[in-house]
Amino acid sequence: MLATVNAATLHGVCGHLVRVEVHVANGLPAFTVVGLPDASCREARDRVRAALVSSGLSWPARRITVNLAPTGIPKAGSVLDLAMAVGLLVACEEIEPESIADLAFLGELGLDGSIRPVSGVLPLVDAVEAFGVVVAPGNQSEASLIATQRVLGVGDLRTLVRALRQEAPWPAPEVVPTRAEPVEGPDLSDVRGQRIVRFALEVAAAGAHHILLVGPPGSGKSMLARRLPGVLPDLDPADALEATRIRSAAGEDLPPGGLNLRPPWRAPHHGSSAAALVGGGSRTMRPGEVSLAHGGVLFLDELGEFAPSVLDMLRQPLEDGTVRVSRSGGFAEYPARVLLIAAMNPCPCGGSAAPGGCRCPAAVRARYVRRISGPLLDRFDLRVGVHRPEPSDLLSGEAGESTAEVASRIRLARRRAADRGVRANSELSSRALEAAAPLAPRAVRLLEAELHAGRLSARGLQRVRAVALTMSDLAGRDVPLDSDLVDTALGLRIDPFRSEGFDVR
Amino acid sequence: MSGEERSEPDRDRIHDAYVAALLGLPGMGPARARSLLVDRSPLEVWRGIARGRVPKETEALLGARRSEVIGGWRAAAAVIDPERLLVRMEEMGMRVSRPGQAGYPTQLVEDPDPPVAFFTVGTDLLVGGLPRVAVVGTRRCSGYGTDVAIQLGRDLAAAGVVVVSGLALGIDAAAHGGALAVTDGAPPLGVVGTGLDVVYPAANRALWRRVASTGQLVSEMPPGAGPTRWCFPARNRIIAALAHVLVVVESHAGGGSMHTVTAALERDRPILAVPGPIRSPASEGSNRLLAEGAAPACGVDDVICALSLVGQSPGSATPREVPSPVDLPGVPADPVDGTVLEAMGWSPISPDALAERCRLGPVELGAAVARLRRSGLVIETRGFLERRSGSVG
């Protein structure tokens, strides 16, 4: 007797349809799982047996073979438990084959027969071709986010069997909250002084320009960075779904409303490995931090302490917006469009950045800075120094603008970018930029001088132009871009490690 | 070869070469060299070392690792050819003077820790009657320190005072840069810690060459000697010994300039310090000197006054008007720039604090700062902005 059940497995952030074939034949009692199951998948044998027995169902003392088709793809995890159990019941003629024909089953079994939630249910549901999907109640709201199918949440195997035999109705779905209240993050009004850095953050958020903050410890770099996601607009539906899908695939908790509507915020530790940052892993591939931050903010604190090789892995994702990880078991492609904000000290001593305030010899400082490769540094459209605020600002300075005020300006700027057909100005191609951001004659002369002096590369020129355009959008000004915008954009692109100074030669 | 058969000046040159060779041995400092050369000619000592023999008093100085050191000397002596060294010194136009010889500076004769030889190139500034002022300070200086050092160097040279400095980065370089900016001022005197043919730091190569061609470079290290940990404090004592007055422009609390100050105190040289902002780390040491009794140096007049107190008067009584070495416009073109400059003050300021002070929008301020930087009135150092003075002094 043979039964075929629909299920799915996770590969990268994508689900793949899996047909679980269960064959029960005469012979010595055995239970074999074939079709590239990994260790946790093979352990399903014991969970399925215990679950069936605990649910008061019979266990056939016969030769059971389970095949997971297509057999070429490695299957990981416990998501196929439920499908195997159902297949076995059909093969043993406990359930009619017709009753499961239009259904798919995604869930892990407990030894007591309970059906448990699995991670990545969103992409899994997306992959199955069936009229309805049976999942654990804990997965129901997540599965319902995109499902064109009917999502059935069932708590245990006994209830499922009764529903399939049409002895009892399907359990009522849990009440899903329609939309979660936005979580209140830290507010920008807490920041005293720091006008230029705040402005740079605003420009970064409005144009999705990567930003590097350089300053001594205690200058408020992390505090400022944490306030960046708050000013970003909500994700559009497609992005929200994609962000949710990645989170789901990584097995992370979803926000209460289900969909990931707010831009994500990820701050990996500087000890992170390359696989943790860009994704991968040896057998089961997992999205990295840069993908988990997709559509939102990736914050790299202490940039200088990250392994240089790990940092350079970020260059390609930052450029393309996707990560492609290849392993012997196949490859996975993860979306990775992030707004990168990084913070670092100007030198290892952590002293004041004020002239004469650092105790590091020039060679030590140079070595510290060399950890950040030139091409990576070049990816930062905005590079600003953060300085410890003046005592007078801390004590009597008036509160700065609130997150809400800044966010409203950013929404307007993003709307202008949307008119140009992109989400934000940093995505403009050089040709589109040429059309969208004409330069006033004075600004042209200025940039020519910078190019001739060798202070600006061709790529840098494009970035400066895009930043100037974002500033113009924020101020509600019209093109052509005048020299003051270009000057300010150049001023927010400092080389924070070099001193201009006066050299006597 | 036997030096005994040569004529008197020739023999002197040969001895010079052997002194240079001795000083070039590994681990050879002024004290060890002095003990070797007591009542012995350099040639004798060299021959002894080549056979692994050193005088008793030197052995006593060497301590526990003496056989190791002497072995090292012996090995090096087998490789070094004093004759070749002599040729090299003559090519460079380098002169050597040893204690007891005519060219040896009188200040060093009575010094508690005199060099055993004194290598020099350029015009001899130590025999003329020109007063000498050491202008020293930190390598990690602020724009303020650079400005003041340039100003002092320039005004002192214009007043006919030899500016003595260590040719390090920062204040030292700025002081000499200022002195060289005066067309017919007093020539500068550079005291260096390496051999005269080893330019250190390399960034100062051009300055080094200019000082050597217009003024004088001196060192107690033989040709070929590279920088070591101890050679800079040792150089500082020579700066203190050769100068009549010491001016510290900017120094950190534990900075190298403090060695020069200690050496100057041992030699009874008057010490002046340039007052700096109390919040500037680069002025911490110099301000402490003021608190401890150093005279303030607020301009060239203070320094000249201190010189006259030790019986030195510069060639020209009043400093002449000289053009600024930095060519800066007096007033900025744009009125907004004037406001920004006004708000900036004279200490390094972060753009954030500047924005707070002058109440301008970020774009307006960014444009103004860019204009000011282009005109040279403002410089940026590691993210900080600092005003440069157009007409210093």
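Before the first stop, one term is needed: two strands are said to pair if DSSP finds at least two bridges between them. With that in mind, and remembering that this is a predicted model, select residues 95-97 of chain B, which are strand E1, together with residues 118-122 of chain B, which are strand E2. E1(B) and E2(B) pair in the antiparallel sense, and 3 bridges join them. To look at one of these positions, pick B:Ser97, whose bridge partner in E2(B) is B:Phe118.

Now widen the selection to the whole sheet of chain B. How many strands form this open sheet, and in what order? There are 9 strands, and going across the sheet they follow the order E1-E2-E6-E5-E4-E3-E7-E8-E9, with mixed pairing. At the edges are strand E1 of chain B and strand E9 of chain B, the latter at residues 295-296, and each of these pairs on one side only. Strands of a sheet pair through backbone hydrogen bonds, either parallel or antiparallel.

Staying with chain B, colour the chain by its domain assignment, which gives domain 1 at residues 3-90, domain 2 at 121-309 and domain 3 at 335-387. If you mark the C-alpha centres of domain 1 of chain B and domain 3 of chain B, you will find them 59 Å apart.

Next, select chain A, whose C-alpha trace spans about 95 × 45 × 45 Å along its principal axes. A cartoon view shows 23 helices and 18 strands in chain A. Of its 505 residues, 48% count as buried, and among the contacts in chain A between residues at least 6 apart in sequence, 74% join residues at least 24 apart.

Colour chain A by domain as well: the assignment gives domain 1 at residues 2-164 and domain 2 at 188-422. The centres of these two domains of chain A, taken over C-alpha atoms, are separated by 40 Å. Where they touch, 16 residues of domain 1 of chain A are in contact with 18 residues of domain 2 of chain A.

Finally, colour the side of domain 1 of chain A that touches domain 2 of chain A by residue class, and you will find 9 nonpolar, 5 polar and 2 charged residues.

Definitions and conventions
Residues numbered from 1 in each chain as written. Chains lettered and ligands numbered in written order. Predicted model: local features only at pLDDT ≥ 70, side-chain atom pairs only at ≥ 80, totals over all residues. Domains from an automatic or database assignment. Helix = DSSP H or I, 4+ residues; strand = E, 2+ residues; numbered from the N terminus. Contact = placed C-beta atoms within 7 Å. Nonpolar A, V, L, I, M, F, W, Y, C, P; charged D, E, K, R; others polar. Buried ≥ 20, exposed ≤ 12 C-beta atoms within 10 Å, placed from the backbone.
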